[in-house]
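Here is a short briefing on how two parts of a protein chain meet. Have a look at the model first, then read on.

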Amino acid sequence: MTAPVFAMVNLGCRVNRVECDRIAEELEAAGYVLGPSSEADAVVVNTCAVTGEAEAKTRKALRRAAQLPQQPLVVATGCVANLFSESLAALAPNIRVIRSKRDVASEIISTLGGRTAGAPSRLSMPTATGRTRPGIKVQDGCDLRCTYCIVWKARGRSSSVPAAQVVEEVEAAIARNAREVVLTGINLGCYDDSGMRLPELLEMLLEKTSVGRLRISSIEPQDVDERLVSLMASSEGRIAPYLHMCLQSGSEQVLRRMGRVYSAEDFAERAEMAYRSVPNLAIETDLIVGFPGETDEEFEESRAFCERMRFSHIHTFRYSKRPGTKAAQMDGQVPPQVSAARGEAIRSLGDELRAARAESLVGSEDLVVTQETGSGISGGLFSCSLDQPVEPDELVRVRISAVGENATLRAVVLR
Ligand code: SF4
């Protein structure tokens, strides 16, 4: 009997990618084989509700999978599945909505057959979503209420994976040859295991595991404090010199309308403290342009603030109306062509800032995790080509020697 084939369609954030890996592990442990959608008996669509556009993409992906000639079982899970289960199920008869991701693999197996799904002990590298630096989900949900966001409604209040389990998962990843582990969550600063917060969790992982490098996937600005920053500074590169601090806007007024809990000046103080403490730190951010009521002056304030913060990368999002949020009801929705022009301006600033940040690293030492022979990812998440054909999945100390096209670093291996 040939093994059943499954396909994964992942929409959305890093947490979704980690969840897809977990579902794939469970199906593989039950004898399923990952393959293309065109050959799949089951297609899992991990949905995203972060913007109206993301939701539209979700519905399109589901329709496309449901219409495949072999009529696979199409499983919708994730944020849109939680918020709008009935309307997704109504898209096609072969779509099944499964709200809890923990049940996805077992539901597929009970429908299509296979060995009983269990927690798998091994995961091949790269993972199902193609990453050699595995992510580990340590937190889910969010206790905040940003006015443009629906994720907190879809995922509920914050919950944390017990620290002992995180230690086990990191050790399992190391046993599978992972040199870097990325800690992910919807709002990592909410991590709380009976009073143990994110900095203590990181400290525990540094002490109890031999992980080569830990990376914090993203963090809210208010959670970047002295404790976290001094731990990063004293970790000798075992915590990557990298912060993805979600700014969203550099305008004080827009931040207030977004319901963010920090001011631009708070952000600047925390970012500057981190720059002073952690050598060669790279700070990335997310920025929304065209938020309701964003005037030309407010946009300019935001753009100038990004310049001042010397971001190594700006993930730019054009605001799109997300029904069910407070922001969708606000006056002053910005015309799409204005948002598009603002997005372009930020993207071009982002490219300049990234190139400048890369140049500033020339002469410094760093750790690189190789992903292919002779190239890999630096601590600050820059692509890096090495002067030697080092095998994939190694952690090597390097000196940055030059910057090539698209801010790719060139480096001399020091070991
Ligand atoms: S911090 Fe704000 S944007 Fe992020 S998940 Fe929570 S409510 Fe949404």
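The points below cover the domains and the contact between two of them.

This is a predicted model, in which local features need pLDDT of at least 70, side-chain atom pairs count only at pLDDT 80 or more, and totals for chains, interfaces and linings use all residues. Residues are numbered from 1 along each chain as its sequence is written, and side-chain values use heavy atoms, with hydrogens and water left out.

**Layout**
- The domain assignment gives domain 1 (5-112), domain 2 (135-360) and domain 3 (365-413); such bounds come from an automatic or database assignment.
- Taken over C-alpha atoms, the centres of domain 1 and domain 2 are 27 Å apart.

**Contact and buried area**
- In domain 1, 18 residues are in contact with 21 residues of domain 2 (heavy atoms within 4.5 Å).
- About 1,500 Å² is buried between domain 1 and domain 2, and carbon and sulfur atoms give 57% of that area (accessible area, 1.4 Å probe, that two parts lose on being put together, summed over both).

**Salt bridges**
- Four salt bridges are counted between domain 1 and domain 2 (a side-chain nitrogen of Lys or Arg within 4 Å of a carboxyl oxygen of Asp or Glu).
- Glu-55 forms a salt bridge with Arg-322, with the closest N and O atoms 2.5 Å apart.
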